[in-house]
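Hello,

Here is the structure I said I would pass on. My notes on it follow below.

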Amino acid sequence: WYGFNTGSALSITGPEQEQVVSLVAVNTTLSAASGCISALMLNYIIDDRRWGEGSFSLSVASNGCLSGLVSITGACAVVDPWSAVVIGF
């Protein structure tokens with residue numbers, strides 16, 4: 001995803017190219033992290049209510065990370081970092 005999002009942003013020409021590329025990288029990271037954490041917490045709460053003991057799962061974390069990456073791909077160059085966290089959530 002970094003190759004796609006930031007690589008695509010590198011093709012932008014203009015005086016603020018470096019800022020756009022860094023914003024894309026930051027937003028991609030924040031959205032992926034937000035998706036991962038929210039999926040883990042939701043899975044923990046569901047497991048806790050279902051079986052009385054919560055658990056963390058690597059597959060749930062990976063799917064949450066992937067959903068955060070997918071959700072931010074279209075808007076990674078035009079949103080603020082706080083918005084990337086909300087979009088990934």
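Tyrosine 44 has a relative accessibility of 32%, so it is partly exposed. Please keep in mind that this is a predicted model. The residue sits in helix α2, which covers residues 17-51.

The structure contains one aromatic pair. The partners are tyrosine 44 and phenylalanine 56: their ring centres are 5.0 Å apart and the ring planes meet at 20°, and because planes under 30 degrees apart count as stacked, this pair is stacked. The pair links distant parts of the chain, with tyrosine 44 in helix α2 and phenylalanine 56 in the loop between α2 and α3 (58-72), 12 residues apart. Phenylalanine 56 has a relative accessible area of 54%, so this residue counts as exposed.

Both members of the pair also belong to a nonpolar surface patch of about 490 Å².

In α1 (residues 2-9), the buried residues are Asn5, Thr6 and Ala9. Viewed down the axis of α1, these buried residues fall within an arc of 80°, and therefore line one face of the helix. What do the buried residues of α1 pack against? They pack against α2. Gly3 and Phe4, on the other side of α1, are exposed.

To recap, helix α2 is packed against by the buried residues of α1, and tyrosine 44 of α2 stacks with phenylalanine 56.

Regards

Key
Residues are numbered from 1 along each chain as its sequence is written. This is a predicted model: local features need pLDDT of at least 70, side-chain atom pairs count only at pLDDT 80 or more; totals for chains, interfaces and linings use all residues. Side-chain values use heavy atoms; hydrogens and water are left out. Patches are made of residues with over 30% relative accessible area and no salt bridge: like charges are joined within 9 Å, nonpolar side chains (Val, Leu, Ile, Met, Phe, Trp, Tyr) within 5 Å. Accessible areas come from the Shrake-Rupley method with a 1.4 Å probe; for residues, only the protein chains shown count as cover. A salt bridge is a side-chain nitrogen of Lys or Arg within 4 Å of a carboxyl oxygen of Asp or Glu. Helices (H or I, at least four residues) and strands (E, at least two) are DSSP runs, numbered from the N terminus. Buried means under 20% relative accessible area, exposed over 50%, partly exposed in between (1.4 Å probe, protein chains only). The arc is that of the directions from the helix axis to the C-beta atoms. Contact means heavy atoms within 4.5 Å. Rings of Phe, Tyr and Trp (its six-membered ring) pair if their centres lie within 6.5 Å; planes under 30 degrees apart count as stacked, over 60 as edge-to-face and the rest as tilted.
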